[in-house]
Amino acid sequence: MTDQVINWNNVYLQTIRLNGGAPGPISRTGAILHAAIYDAVNSIDQDYKPYLEILPVKLGASKEAAAVYAAFTVLSSDTVYPNANFPKSKNKNQSFFDAEREKAIHEIKSSGVSQQSIDDGKELGIAAAKAILKNREGDGFDDKTDYKSGHQPGDWRPTGSGPATTPNWGKVKPFSPTLIKKFRPTKPAGFSSKQDLLASVEYAAQVNEVKRLGAANSTERTQEQTDIALFWANDLDGTYKPPGQLYSITQIVSKLRCLSFSENARLFALVGLGLGDAAILAWDAKYDTDLDLWRPETAIQRAFEDNNPGTTADPTWRPLSPSADGTRFSPSFPAYISGHATFGAVHAGILRNFFGTDNVTFTATSEDPSARGNNGIRITRTFNSFSSAALENGRSRVYLGVHFQWDADAAYVSGTKLADFLFESLLTQNCS
């Protein structure tokens, strides 16, 4: 029978492809989705502590049906995807989510599960979804407070890809029981003022590395480095975005390790909650400190402002990062720290803790439209550990021309600490 955790993760990924959006809202949806599935399934198993609560369960309730209705209720909620372009089903009188729910329930019933068991699972799944949706009411996800970018040297300012994206996401209520600021990184190279930072030899080294390796027309970037940049990109709408790529890797590893349905419920919930907090952590560092560091594109084009003899302005410089129309762009939020690297570090930390080892070998691919070889086949990459994938994810942003290396380094440190805390705090074994 189809694993309904993975099935509804795929439904969620398809929703991302069709709706696009910023990393924060995407990761919030995944966290709510998989927390609801977990609490529904775990209310029957009761092997681990719940995310919110152990819900009342009728004897014989179907775990699979509970997962289906928990997922369906979350994804069809207008507080998760407000004003979304929901996927369409082949039947125009039916939503995509309705069709997926009916298909899943039909398979469960065909496997011999009674209608009463399905109905009792339905009741449980809806209750789990409503509980997590209620818990997230007023969490700050819809804060539209204006952000005003600075105009001093080093200040982030729009680069042509639009105004600041989700500038208040660092204030969203965390999914784990902590203050996200506990994991806030120190300032780059330890400089207390932006002026001292910009004038330093460390800053010049960071800028010049991206200038050489991340330029659209770089002659120093190798083909493998270009492949790495594009493999991890997935910035464009129409892809599963950075959180989706990490969920895809989670699916790959789950299948390699032959996880059960209940094990997947817990693993995907931990990943979801981790990625949900990773976005809050990264956006807190981006916007809610006094740094709000400009992107390499701006730093290189306006190097005449930084008071650093080690940098030289190039007003024609553009990053490798391609937009949908073929132009070059930098994501529309500050550089420090890297969202990609934060997601990658948290994801690697969760998987390392869950499996009890970092050394798992897996092969993955990418949905970025530019991540194809000369033969048109999608680029695949093989990793021998979760940490090596996360570190390459962070490094890729230098090759793409949209981040400094210290954006990735700081994100890896903070994200790893957050992942360890989250794993020790949430969905732990029930020893009672």
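Reader: Into which domains is the protein divided?

Author: Domain bounds come from an automatic or database domain assignment. Here the protein is divided into domain 1 (4–136) and domain 2 (169–425). This is a predicted model, in which local features need pLDDT of at least 70, side-chain atom pairs count only at pLDDT 80 or more, and totals for chains, interfaces and linings use all residues. Residues are numbered from 1 along each chain as its sequence is written, and side-chain values use heavy atoms, with hydrogens and water left out.

Reader: What separates the centres of domain 1 and domain 2, and how many residues does the contact take from each?

Author: Contact means heavy atoms within 4.5 Å. The centres of the two domains, taken over C-alpha atoms, are separated by 29 Å. Domain 1 puts 32 residues into the contact and domain 2 puts in 31 residues.

Reader: Which residues of the largest nonpolar core touch the most other members?

Author: In soluble globular proteins, nonpolar side chains tend to be buried together. A nonpolar core is a set of buried Ala, Val, Leu, Ile, Met, Phe, Trp, Tyr and Cys residues joined through side-chain atoms within 4.5 Å. Buried means under 20% relative accessible area, exposed over 50%, and partly exposed in between (1.4 Å probe, protein chains only). The largest core here has 127 residues, and Trp8, Ile37, Tyr51 and Leu273 touch the most other members. Helix α10 (residues 261–287) gives the most to this core, with 17 residues. Because domain 1 (4–136) and domain 2 (169–425) both give residues to the core, it lies between them.

Reader: Where is Gly274 found, and is Gly274 buried or exposed?

Author: Helices (H or I, at least four residues) and strands (E, at least two) are DSSP runs, numbered from the N terminus. Gly274 is in helix α10, and is buried, with a relative accessible area of 0%. Not counting residues up to four places away in sequence, Gly274 touches Val346 and Leu422.

Reader: At what angle do helix α12 and helix α14 pack?

Author: Two packed helices are described by the angle between their axes and the distance between the axes. Axes are lines fitted to C-alpha atoms, for helices over the stretch in contact, and angles run from 0 to 180 degrees between N-to-C directions. Helix α12 (residues 339–355) and helix α14 (residues 405–425) pack at about 35°, with their axes 7 Å apart. Residues that meet there include Val346 in α12 and Leu422 in α14.
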